[in-house]
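Here's a friendly walk through a protein model for anyone meeting it for the first time. Have a look at the picture, then read on.

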Amino acid sequence: MRPLPSRGDIVGCLAEADRALHAREIASRCGVPEAAYPRFLELLDQLGFDGAIQRQSGSRFKAAVSAQGEGWEGILSMNPRGFGFVTEVGREDVYVAADGIAGALHGDRVAISVVNRSHRGVEGRVDRVVQRRKPRVAGLLRRRGKSTWLEPDDSRVRGPIVISGGLREGRDGDAAVVSITRFPERPDENAEGDLVAVLGVPGEPNAEVAKILVREQIEESHPEDAVREAEALAAKLLKSPATGRVDLRSIPLPTIDPEDARDHDDAVWVERTRDGYRAWIAIADVSEYVQPGSALDREALERGCTIYLPDRAIPMLPSALASDVCSLLPDTDRLCLCVICDLDRDARIEKFEIVEGVMRSAAMLTYPGVARALGFSDQAPRSAQAEAMKKGLRAVDEVARKLRKRRMKRGALDLDLPEAKVVLDPNTGAPTAVERRTQDPGMKPAYQMIEELMLLANEVVARWLSEKRVPTIYRVHARPDEQKLERLGAVCETLAAPFDLDDLLQPDGVGRWLKKIADHPRQHVLEMLLLRSLKQAVYDIVNVGHFGLASDAYLHFTSPIRRYPDIEAHRAVKQLIRGNKPDTSASAIESLRTAATAASTRERAAMNVEREVVDLYRTLYMRDRIGEVLEGTVSALVGSGAFVTLDAPFVDVLVRFDAMGPDQYELDDDELSAVGVRSGDRVSLGDRVVVEIEDVAVLRRQTYARRIPPEGALNGANERRRGRPVAGRGRRGSEQKPSTRGAPARPAARGKGAHQSGKSQGGKPAKSAAGSKTKRRRR
């Protein structure tokens, strides 16, 4: 029997009509056969009851007022169960049922029409695809006879994808990447594509990382024209005298970086003066090598930033520049831009200048070496060079502490998320440990020394360019989302924590609130919810300030080797230094705006890649730990269960509702707890829990566990023995999917029950990926 038209088809039919239509006319327009007409009338009644359409007299219907002509564009995010949500900044999330998806795929930008509004949220249908998603999809290669297709790793991407061209290599079951050449136009069509890469055995570390990079079209090597240009410029400028530059070679200017740093683009020094301090913040003059419109410039703009993986970096610039000519290596002359600040005894700026200089770093120091030399840590290894520079380093620390105190006083936020450090076997590339990056508390003040001086330089440059009205790219951070703050307020009321909405819309108000909750038993939960309320910092040519830093003008100036906006800031500074008139033409402004937008986009893409690679290594590491009993903290509640952050290894595991204990668990109304229906047993955000690792799904980058309830939590319910692996539990590396037992026909509005997840239901908690350099990149 021919199926009935979808809800979206019926609503669309009425929305296009300029009058109410009789049920018979609607059936005719929608192609409903006579035998199905009684069921069609029931569907019309149901749509009328839901408010999607309006019933008129005489069996006539018309589109609901709220749905007529209402629609917008957004990004489609699919759920493996077939439905999706369309999201757009400043708009409500729109639920789209499976029969309203049409030919769209996960990640497409689509135009939707609203078909219904109710207490459950907004429902819509896809009218057309505005822009297709990235064409590359990773998955498993399948071969049967003459047929070849790809089964996508991401279950949100509709598959299989029929392979119609490209490479002819690869065996059935290999990890592979396809580039879609023909997207589906109807929901019953499959996409077609070319095979672009075959990467070997799925689940093998190198193959999985390569799959991510190929899928995201990230090239590790630079184009030949950019490399040739870099090498030619390097040879030319190294031979050229530093004419017209300030000679800074008498200033020690050591670099201070992590032990595994791959590039060195900043160096600092501080000396005490009669009235306070003089600080030098020297930054590699990358813009001297990367000229506007050159092959190097085009490639740097395309990449946007350096990507940091656990075993290597994928640099924004060719290695001839990034690791050699531009890097501030010790005992070597290097071109730089230097911010020189005279500060009073309280580290207030009295005057400053920015100069084009030539420098020679006296030493390449590390954070552990500096921490040991200054007595911050007795665990870090000693550094003879750091010991020799102890007097000057103490002055750097002294100024940094005063700068930090002033910054905190004006309302800057101090929320620091732990980062994962993945240790790899140098021969196999397999992970041997996943731990928190900074275990030694003595490392923190060493990092803060450099952080504060970098923030100082960035603010000085931003304010100077702003006062001179020179177009540039700013790093902006808008005020928090009021709706999310209101949600935080509701949680505070539940947890008996202080809350004032107006106060939290100001940086200093947030600082006061953080102090008030410092002794609250759920402090960590409240801080996580606050983080979710904050917007993401982005690049823009309009300076709106930086909320998180409580700064009225801020930009990125201090990392031009690994961030493109810093190069643009250097170009603007050098225009002023050289007495040139800045280009304020419409075309120049538009070019700068395009660069800012591209930098924000590439930064987010880099963060996602870094995070996914770390999550991949986490799951690979956990494959050998199935059956182990570990402790951790509930860090998120999502639609499918609770995420638990383990103490060691530093891994997030998902405990699904049906793995919380011998009860039926549901998300509580306040969305802060999961509650057992019969026992009343409660699992809340911030709780300490004991879990047993049950399964690992490498392709989903997910580790699953079951909770071992504490004694008495279930009021006598049967419990398994604590502390022992359970025979037969879990399968090494199986691709078990989250359970949908008891799932509703339609989910709640997106985000409901997804605190701290950073994704829709079932997603992982969003965490910073890898490397201290990345943290400094993103402020």
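## Aromatic pairs

How many aromatic pairs does a search of the whole structure find? The search turns up five. Keep in mind that this is a predicted model.

Let's look at phenylalanine 83 and phenylalanine 85, which make an edge-to-face aromatic pair. Their ring centres sit 6.3 Å apart, and the planes are at 90 degrees to each other. Phenylalanine 85 also pairs with tyrosine 95, again edge-to-face, with 5.8 Å from centre to centre and 65 degrees between the planes. Phenylalanine 85 belongs to strand S5 (residues 84–87) and tyrosine 95 to strand S6 (residues 94–96), so this pair ties together parts that are ten residues apart in sequence.

Put together, Phe83, Phe85 and Tyr95 make up one aromatic cluster. Are phenylalanine 83 and phenylalanine 85 buried or exposed? Both are buried. For phenylalanine 85 the relative accessible area is 9%. Tyrosine 95 has a relative accessibility of 7%, so tyrosine 95 counts as buried too, given that the cut-off is under 20%.

Zoom in on strand S11 (residues 161–166) and strand S13 (residues 192–200): they pair in the parallel sense, over four bridges. Which residue in S13 is the bridge partner of glycine 165? That's aspartate 194.

Now for a pair of helices: H10 (residues 390–410) and H11 (residues 443–467). They pack at an angle of about 65 degrees, and their axes are 8 Å apart. The crossing of H10 past H11 is left-handed.

What kinds of residues make up the contact of H10 with H11? By class, there are ten nonpolar, one polar and nine charged residues. On the H10 side, the residues in contact include Leu393, Val396, Leu403 and Arg407. Among those they meet in H11 are Met449, Leu453, Leu456 and Glu459.

Notes
Residues are numbered from 1 along each chain as its sequence is written. This is a predicted model: local features need pLDDT of at least 70, side-chain atom pairs count only at pLDDT 80 or more; totals for chains, interfaces and linings use all residues. Side-chain values use heavy atoms; hydrogens and water are left out. Axes are lines fitted to C-alpha atoms, for helices over the stretch in contact, and angles run from 0 to 180 degrees between N-to-C directions. Helices (H or I, at least four residues) and strands (E, at least two) are DSSP runs, numbered from the N terminus. A crossing is left-handed if the near helix is turned anticlockwise from the far one by less than a right angle, and right-handed if clockwise. Contact means heavy atoms within 4.5 Å. Ala, Val, Leu, Ile, Met, Phe, Trp, Tyr, Cys and Pro count as nonpolar, Asp, Glu, Lys and Arg as charged, and the others, Gly among them, as polar. Two strands pair if DSSP finds at least two bridges between them. Rings of Phe, Tyr and Trp (its six-membered ring) pair if their centres lie within 6.5 Å; planes under 30 degrees apart count as stacked, over 60 as edge-to-face and the rest as tilted. Buried means under 20% relative accessible area, exposed over 50%, partly exposed in between (1.4 Å probe, protein chains only).
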